[in-house]
Amino acid sequence: MSRARIFWGAIALAAALRIAASIPFTVGWFDEIWQYLEPAWHLVAGPWVQTWDYREGLRSWLIPELLAGPMALGHALSPDTTLHLLLARLALAALSLAIVGSAAALGLRLSRLHGIVVGFVAATWFELVYFAPRALSEPIGLALLMGAIWLLLARGKPGGKPGGKPGPRQFAVAGLLMGLCFVARIQYAPALLTLAILTARRDWRGAWLPMIAGGCGALAIDAAANLAMGAMPFRWMIEAARINLIAGRAGAYGEMPVTGYFSLIAWYWYLATAPILLLAWIGAKRYPVLLWVALAHLGFHSLIGHKEYRFVLASAALLVILAAIGSAELLRRVPRRRLALATMGTLALWGTASAALAAGHFRPNWSLEADLAGALERAGRPAATCGLALYRPRDTVAGAYALYRRDTPIYVLRTPAEAARHAGAFDVVVAPRAHAGELPKHYRLEACAAPGLTDAPGCVLRRAGGCTPDPAVPEINAWLRASGN
């Protein structure tokens with residue numbers, strides 16, 4: 001099999017799986033709605049739920065502006081559906097193919113056997129498939145990081161010594177990608193610095209200067225994106241560091257000890273943890289830079305109290321890629337007459353492990369918050385919808401115009417008396433199943449989503465008739481400001 005067929009075969013397999021992962025209407029974390037898709041919807045259609053991080057100015061507008069393109073196309077083609085979200089997810093899934101392409105290129109740089117194994121693993125590994133269509137800074141940053149790794153490490157004559165020296169042009173483009181990765185998620189800085197030091201070394205003229213120039217180009221793009229929104233360039237970086245690291249706002253969402261990520265990785269990888277780490281150690285002999293980048297990223301995040309598994313997605317991805325390389329290294333010791341069968345068995349083992357882990361401890365992530373997302377989408381289906389009330393919502397953010405899709409007020413109600421007194425202001429309600437019976441009788445239950453793992457409201461109730469806006473009822477943005485969310 002030619003190297004081109006191996007490469008494009010991995011890309012085709014990855015694309016098929018990522019398209020399938022993009023189609024179901026799910027929201028893994030509502031951060032992807034409130035931090036990126038909701039502000040992108042604001043650029044497309046106007047109204048939006050503005051959370052505290054945008055009010056405080058610690059988010060760049062670059063990612064929402066880029067997502068606004070596919071969202072605007074979807075909204076123009078089918079304004080009464082969620083096509084705008086599907087096209088945004090598909091665009092992100094397409095970006096994620098850079099991860100697979102880079103991994104396959106790193107493998108092919110060693111041999112065709114390495115290319116087959118690494119390309120297959122990167123295309124099918126459950127975490128990479130799951131995060132591919134997510135509008136989150138972690139997978140976006142990972143795709144950009146892997147693009148830079150592709151340029152800096154996967155060069156030279158295939159089958160020879162890995163890591164052929166890139167030229168100034170490659171360093172410049174890699175610097176641009178690394179700068180965009182930093183803009184997408186500034187917490188990638190230690191990993192990016194590690195990659196830069198280990199690849200540029202002491203070559204200031206041929207490596208560091210072009211790479212710095214590319215990075216400055218990325219910062220200029222971010223500055224222009226924020227200026228277009230009337231925001232001061234780079235202020236968001238300062239505010240993000242001040243509020244999250246110095247003021248400790250992130251710690252309010254929970255903290256874990258320094259060993260927290262080791263526990264999370266072991267929880268999700270379960271029995272595969274030890275084999276993956278052992279194989280990654282073997283693979284690191286061919287690409288030690290990848291191991292150092294993964295460890296730098298993991299080590300930095302381990303020092304931060306607030307921990308979420310997606311924060312170390314880059315480390316997990318690099319370890320899996322190194323483990324795939326390690327698998328190919330072991331296969332090279334198999335006699336040629338048995339190599340084809342051993343290779344098929346190895347691929348089957350990787351595929352089975354990925355599927356088992358996806359359905360294991362990681363399984364809740366595939367439907368996390370789907371009940372609330374589905375309820376908000378259903379609430380906005382009728383074009384004549386004139387007002388939405390969120391009844392007894394959680395203390396955190398509970399609504400999103402990107403899902404609701406209607407240019408009407410979204411109200412927040414806490415008691416049955418409020419719901420009865422202001423019922424004329426809204427014709428549809430999203431409420432928890434346990435409290436749906438507290439609403440006025442002329443609101444008829446339309447549907448209830450299957451209960452999820454969270455306490456998100458998932459029932460939709462609707463009444464006939466129009467709406468009269470009521471300034472006495474708090475709208476969602478006023479409620480968020482009052483609650484500090």
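**Exercise 1.** Which residues does I476 touch, not counting residues up to four places away in sequence? State also where I476 lies and whether I476 is buried or exposed.

*Solution.* The structure is a predicted model.
- Step 1: I476 belongs to helix 21, which covers residues 476–483.
- Step 2: With residues up to four places away in sequence set aside, I476 touches V49, L390, G399, I410 and V412.
- Step 3: The relative accessibility of I476 is 2%. Buried means under 20%, so I476 counts as buried.
- Step 4: For I476 and I212, the C-alpha to C-alpha distance in space is 43 Å, and 264 residues separate the pair in sequence.

**Exercise 2.** Describe the second largest pocket by its volume, its lining residues and the helices that supply them.

*Solution.*
- Step 1: The volume of the second largest pocket is about 400 Å³. Its lining has 20 residues, and the closest to the centre are A272, P275, I276, L349 and A353.
- Step 2: At least two lining residues come from each of helix 13 (260–269), helix 14 (273–283), helix 16 (313–331) and helix 17 (336–358). Helix 17 gives the most, with six residues.
- Step 3: By residue class, the lining holds 16 nonpolar, four polar and no charged residues.

**Exercise 3.** Determine the mean pLDDT of the chain and name a stretch where the pLDDT is below 50.

*Solution.*
- Step 1: The chain has a mean pLDDT of 92, and 96% of its residues reach 70 or more.
- Step 2: Residues 157–161 have a pLDDT below 50. In the model, this stretch makes ten contacts beyond near neighbours in sequence.

Methods: Residues numbered from 1 in each chain as written. Predicted model: local features only at pLDDT ≥ 70, side-chain atom pairs only at ≥ 80, totals over all residues. Heavy atoms only, no water. 1 Å grid on protein atoms, 1.4 Å probe; cavity = no way out; pocket = protein on both sides within 12 Å on 5 of 7 lines; lining within 4 Å. Points joined across faces, edges and corners; volume = space filled by probe spheres on them. Helix = DSSP H or I, 4+ residues; strand = E, 2+ residues; numbered from the N terminus. Nonpolar A, V, L, I, M, F, W, Y, C, P; charged D, E, K, R; others polar. Buried < 20%, exposed > 50% of the residue type's maximum accessible area, 1.4 Å probe, protein only. Contact = heavy atoms within 4.5 Å. pLDDT = per-residue confidence, 0-100.
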